[in-house]
There are 2 protein chains.
Amino acid sequence: MDSAGNEGRVARRQRRNREALLKAGHEVISEKGIDAATMMEIAERADVASGTIYNYFKSKDELAIAVLELVMEQLARRIEDVTNTFADPAQVYAFGIRTVLETATGDMRWRQLLHRSEVIADAIFQRMGPFAIRDVQNATSAGRFSTPDPDLTWRMSCFAIVGVSLAITKDELPASVIDETVVRLLCMAGMSETDSRELASRPRPSLPPEAAPNWSKAKAR
Amino acid sequence: MDSAGNEGRVARRQRRNREALLKAGHEVISEKGIDAATMMEIAERADVASGTIYNYFKSKDELAIAVLELVMEQLARRIEDVTNTFADPAQVYAFGIRTVLETATGDMRWRQLLHRSEVIADAIFQRMGPFAIRDVQNATSAGRFSTPDPDLTWRMSCFAIVGVSLAITKDELPASVIDETVVRLLCMAGMSETDSRELASRPRPSLPPEAAPNWSKAKAR
DNA sequence: TCTCATAACTGAATGATTTTCAAGATAGAG
DNA sequence: CTCTATCTTGAAAATCATTCAGTTATGAGA
């Protein structure tokens, strides 16, 4: 193989296969949920043999995790594109958690993902963490939040968000609790009830439309 | 069959079977986790045929849910026994969430249960909810908390507790974060940072030892 | 006490899936 | 052009949850 930057046919095929598997995995998992998705169907849609999946992912769970992490990264990037003009870091954080809640409950493709809570919560924690934790730190420096452990606060928030989203999709709670959920999470980050409520009720810009997903960003596992 | 209060042999055997299944289910699930537990092993330990389980529980998941809900109810009762002398309802709540965190991370039998977060979080929510929500309401009336939706706050807390417990058992966080977790959950319930920290640091009585579990309290599903 | 209908129990068979692996391609270095 | 290392294939193995036809036990009525 060309030891210079040039990519051989094998490497090209591998990249194609990995991307096709992530795309197919996303489709099938979004339609049926992680548990009901079968490796056979994913393989067929990616146009590879079922055994080939295991050259790319150690198990079904790892494939699912890779898919969810990509989805999260893409949402994080869309949020970042809107919020990088906000002056108040607390507002960036509030916009982020609200957007995750609204996407998780509103986008049909997300609903199925919630049923394996620890997987989706972990993906949110890991992939949106760098942004979210930075925002919490900035907001704490600015005196808006007061939490000594932004990592812990963010981890708790991820699970709480998934829990509320799950309840909304199961119609155990109305979608209108999203407002109060944001308020409570701001309180958890150390903001006063009054400030939280004011911040949560500010007008918000809308999220830009979803770009065509780029499946090649997946990390090897 | 005796139509008076007297119980026939059939009813007696059914009660024995149900209890044996719950006990066996608890053992096996605690040792291996919900997913790795097999119906065969549970049936063997309960000394019934595998098919018999389905006379008592519609599916493996329902059996697991019944087991977890019983475990939660028993813990709730032990907490209640200690806290019913507390004067401050906020302190009752704080003691409850701390106890769940410590039990979930300290008791080896709990560690396996955390891996199906939505199941355990739901069991906590359902079975400890009556107590917890009452405490939050009392604390709000007493001016210690301020949350307009105790149900939502409790639901968020359950998922956050499971998330933190999971991270501790995976050694992603030290057990010492339990203190700060309690503080953050009190903030979420609407208490100020200062008050939360004071409340979380108060000395606590110890939980009474675990009584022999009573497997007959299970509800039919 | 005997008989019979009903309900519960049994465990082998079913069916659905993930994962493995031996055999067959394929690329690209020499 | 050849050879080897690597990837792909798809059939077979392995694992379970769940079903169900056949067996057994119970207790009401005669």
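Guide:

**The interface between chains A and B**

In this model, 28 residues of chain A are in contact with 28 residues of chain B, two residues being in contact if their C-beta atoms, placed from the backbone, lie within 7 Å. The model is a predicted one, in which local features need pLDDT of at least 70 and side-chain atom pairs count only at pLDDT 80 or more, while totals for chains, interfaces and linings use all residues. Residues are numbered from 1 along each chain as its sequence is written, and chains are lettered from A and ligands numbered from 1 in the order in which they are written.

On the side of chain A that touches chain B, the elements that give two or more residues are helix H7 (117–141), helix H8 (150–169) and helix H9 (177–188) of chain A. Helices (H or I, at least four residues) and strands (E, at least two) are DSSP runs, numbered from the N terminus. Of these elements, H8(A) gives the most to that side, with 12 residues. By class, the side of chain A that touches chain B consists of 14 nonpolar, eight polar and six charged residues. Here Ala, Val, Leu, Ile, Met, Phe, Trp, Tyr, Cys and Pro count as nonpolar, Asp, Glu, Lys and Arg as charged, and the others, Gly among them, as polar.

The symmetry of the pair comes next. Chain A is superposed on chain B by a rotation of 179° with 0.0 Å of shift along its axis, at an RMSD of 0.2 Å; the superposition is by least squares on the C-alpha atoms of residues with pLDDT of at least 70 in both copies. The two copies are thus related as by a two-fold rotation axis. A:Met188 is the residue of chain A that comes closest to the rotation axis, its C-alpha lying at 2.2 Å. Of the interface residues of chain A, 100% are also interface residues in chain B, so the copies meet through the same surface.

Helix H8 of chain A also holds A:Thr169. With 19 C-beta neighbours inside 10 Å, A:Thr169 counts as partly exposed; a residue is buried if 20 or more other C-beta atoms lie within 10 Å of its own, exposed if 12 or fewer, and partly exposed in between, with C-beta atoms placed from the backbone. Not counting residues up to four places away in sequence, A:Thr169 touches A:Thr105, A:Arg111 and A:Leu114. Between A:Thr169 and A:Thr105 there are 6.0 Å from C-alpha to C-alpha, although the two are 64 residues apart in sequence.

In chain B, the loop between helix H8 (150–169) and helix H9 (177–188) contains B:Asp171. This residue, B:Asp171, has a positive phi of about 60° although it is not a glycine, and counts as exposed, with 8 C-beta neighbours inside 10 Å. Most residues other than glycine have a negative phi.

Helix H7 (residues 117–141) of chain B bends by about 70° at B:Gly129, and a proline, B:Pro130, follows within four residues; the bend at a residue is the angle between axes fitted to the seven residues ending there and the seven starting there. Just after H7(B), B:Gly143 has a positive phi of about 80°.

The surroundings include a nonpolar core, that is, a set of buried Ala, Val, Leu, Ile, Met, Phe, Trp, Tyr and Cys residues joined through C-beta atoms within 7 Å. The largest such core has 144 residues, and those with the most contacts inside it are A:Leu68, A:Ile124, B:Leu68 and B:Ile124. Apart from its neighbours within four places in sequence, B:Leu68 is in contact with B:Leu113, B:Val119, B:Ile120 and B:Ala123.

As for the chain as a whole, chain A has 10 helices and zero strands. Its C-alpha trace spans about 60 × 45 × 30 Å along its principal axes, and buried residues make up 45% of the 221 residues in chain A. Among contacts in chain A between residues at least 6 apart in sequence, 69% join residues at least 24 apart.
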